[in-house]
Amino acid sequence: MRVDLVPDDLWERVAPLLPPALERRHRYPGRLRVPDRAALAGIIYVLRTGVAWRDVPAQSVGCSGVTAWRRLRDWTEAGVCPRLHAALLTELRRADLLDLDDCAVDGSHVRASKGGPCRPVDRARPGSKHHVIVDRCGTPLAVTLTGGNRHDVTQLLPLLDAIPPIRGLRGRPRRRPRRLFADRGYDFDKYRRLLWKRGIKPVIARRGVAHGSGLGKVRWIVERTFAWLHQFKRLRTRYELRADLHQGLLDLACSIICLRRLRKSF
């Protein structure tokens, strides 16, 4: 197994979240189960390189692509990746590395090669959208997946609801920012009122107003986070037919980004 794919600090955080393996039969037990760490290495290999599952080099990775896909399916249904992301956000807040006062939100279109629950865009080509909300430092707090023809503003409230309760300090867990920055695509008075009702101050660019409002000095961080996410080549184009599996890969990528930021604090 390639150790660089699953370093010790990542494995120490993932292992307690994995569901227990089924007991082997005493009679006709079959093949030995592939270790979970090797299966995670296969998943991260696909996430980083973007290769097809059947092309995973089992000899060097330690796991075949089919086994890695099945383990991703099982862990996605068990909710492993969202819990890992929430645990890392808690660690970041405990280390005072999260700035939840100012957050930014945006969406990014990606092509989808196998259809599924996506919608035709870009000359009737199938596509999907990644929607992400980040803190002031660009740390992804939540990410969602929709069809490519969904307007960004329709995912504003679902993104806020997708932020997990972030613990790490005394008092109630944080689940919402104080100020939310967004571009002109979110310029709707209805959603401004809904944000005010949640105690969030909307700082949204106005349509029809010349550029130069200064919001770009804060909003650029969400574009950088999309660049971080799309460094994982499997996320540049959606190949998974099942939306929950692609969402699981998105959550895993967000967890790796959070872990990288946590490492820099040591």
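1. Arg71 is buried, at a relative accessible area of 6%; buried means under 20% relative accessible area, exposed over 50%, and partly exposed in between, with a 1.4 Å probe and protein chains only. The residue belongs to helix 4. Helices here are DSSP runs of H or I with at least four residues, strands are runs of E with at least two, and both are numbered from the N terminus. Leaving aside neighbours within four places in sequence, Arg71 is in contact with Arg33, Val34, Pro35, Asp36, Ala39 and Ile43, where contact means heavy atoms within 4.5 Å.

2. On provenance: this is a predicted model, in which local features need pLDDT of at least 70 and side-chain atom pairs count only at pLDDT 80 or more, while totals for chains, interfaces and linings use all residues. Residues are numbered from 1 along each chain as its sequence is written, and side-chain values use heavy atoms, with hydrogens and water left out.

3. For the chain as a whole, the secondary structure comes to nine helices and seven strands. The protein chain has 266 residues, and 50% of them count as buried. Among contacts with a separation of 6 or more, 67% are between residues 24 or more positions apart. The accessible surface is about 13900 Å², and carbon and sulfur atoms hold 51% of that surface; the areas come from the Shrake-Rupley method with a 1.4 Å probe, and for residues only the protein chains shown count as cover.

4. Helix 4 covers residues 65-77, and Gly65 is found in it. Gly65 counts as buried, at 5% relative accessibility. Not counting residues up to four places away in sequence, Gly65 touches Trp53 and Val56.

5. Helix 2 (residues 36-49) packs on helix 4 at an angle of about 100 degrees, the axes being 8 Å apart. Axes are lines fitted to C-alpha atoms, for helices over the stretch in contact, and angles run from 0 to 180 degrees between N-to-C directions. The two helices are therefore roughly perpendicular to each other; the classes are under 35 degrees for roughly parallel, over 145 for roughly antiparallel, 65 to 115 for roughly perpendicular, and oblique for the rest. From helix 2, the residues Asp36, Ala39, Leu40, Gly42 and Ile43 meet Ala68, Arg71, Leu72 and Trp75 of helix 4. By class, this contact has six nonpolar, one polar and two charged residues. Ala, Val, Leu, Ile, Met, Phe, Trp, Tyr, Cys and Pro count as nonpolar, Asp, Glu, Lys and Arg as charged, and the others, Gly among them, as polar.

6. Helix 4 also packs against helix 9 (residues 243-263), at an angle of about 90 degrees and with the axes 10 Å apart. That makes helix 4 roughly perpendicular to helix 9. Trp69, Leu72, Arg73 and Thr76 make the contact on the side of helix 4, and Asp244, Leu245, Gly248 and Leu249 on the side of helix 9. These residues divide into four nonpolar, two polar and two charged.

7. The whole structure has 21 salt bridges, a salt bridge being a side-chain nitrogen of Lys or Arg within 4 Å of a carboxyl oxygen of Asp or Glu. One of them joins Asp9 and Arg263, with the closest N and O atoms 2.7 Å apart. This pair links distant parts of the chain, since Asp9 is in helix 1 (residues 8-14) and Arg263 in helix 9, 254 residues apart. Arg263 is partly exposed, with a relative accessible area of 34%.

8. Asp36 forms a salt bridge with Arg33, the closest N and O atoms being 3.0 Å apart. Asp36 is buried at 18%, whereas Arg33 is partly exposed at 42%. Both residues are also among the contacts of Arg71.

9. Asp189 and Arg192 meet in a salt bridge at 3.6 Å, N to O. The two are three residues apart in helix 7 (residues 189-197), so about one helical turn separates them. Asp189 is partly exposed at 44% relative accessibility, and Arg192 is buried at 9%. A network of salt bridges links Asp187, Asp189, Arg192, Arg206 and Arg207.

10. A backbone point concerns Asp96, whose phi is near 60 degrees, a positive value in a residue other than glycine. Asp96 lies in the loop between helix 5 (80-94) and strand 1 (102-112). The residue is exposed, with a relative accessible area of 66%.
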